[in-house]
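Here are some notes for a colleague who is new to this entry. Please look it over before reading the points.

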Amino acid sequence: MMAAKGDSAWMREALAVAERARREDDEIPVGAVLVDAQGNLLATGSNRTIAEHDPSAHAEIVALRAAGRVLGNYRLEGCTLYVTLEPCAMCAMALVHARISRLVYGAANPKAGACGSVFDLLRDPRHNHRVIVDGGVLAEEAGARLSAYFREKRQRAR
């Protein structure tokens with residue numbers, strides 16, 4: 001169920017969303033793009049935890065909320081979420097509850113990844129919905145942007 005535009009192209013859009021969040025709001029540069037089954041862009045999201053003082057305002061959640069408003073439904077069946085960093089447990093379970101069909105992520109998250117790195121929540125057979133997971137799309141670029149952001153933060157703190 002690959003979107004017509006192609007995984008790399010959609011991931012580049014997610015990287016652009018992440019870069020905007022870093023540049024404009026000094027947020028951790030994670031971007032998400034949600035595409036419907038026909039390959040149409042439904043919503044984007046970037047981390048907003050700092051700007052909104054909201055621990056749940058991860059890029060994935062922001063995109064899911066926006067898409068739900070666009071469709072008038074919290075169920076996002078047939079949709080693919082492209083996100084620059086492997087989702088955490090909170091975001092992974094939101095994907096299950098939203099009935100996302102497919103997740104494509106860039107960089108693995110070795111500290112909090114819940115889609116295969118630390119946990120594997122999306123493939124757990126106990127859930128009533130399964131999400132297809134494809135990781136590693138433009139992983140080096142996504143990981144390099146995150147590393148650069150944190151390196152710059154540490155340097156500014158000194």
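1. What share of the contacts with a separation of 6 or more comes from residues 24 or more positions apart? The share is 57% in this protein. Contact here means heavy atoms within 4.5 Å.

2. A word on the basis. This is a predicted model, where local features need pLDDT of at least 70, side-chain atom pairs count only at pLDDT 80 or more, and totals for chains, interfaces and linings use all residues. Residues are numbered from 1 along each chain as its sequence is written, and side-chain values use heavy atoms, leaving out hydrogens and water.

3. The fold has 5 helices and 5 strands. These are DSSP runs, numbered from the N terminus: helices are H or I with at least four residues, strands are E with at least two. Along the sequence the order is α-β-β-α-α-β-α-β-β-α.

4. On overall dimensions, the C-alpha trace spans about 50 × 30 × 30 Å along its principal axes. Of the 158 residues, 50% are buried. Buried means under 20% relative accessible area, with a 1.4 Å probe and protein chains only.

5. Now one residue in detail. Ala 18 belongs to helix H1, residues 7–25. Is Ala 18 buried or exposed? Ala 18 is buried, at a relative accessible area of 2%. Setting aside residues up to four places away in sequence, Ala 18 touches Pro 29, Val 30, Gly 31 and Thr 84. Its C-alpha atom is separated by 7.6 Å from that of Ala 32, 14 residues apart along the chain.
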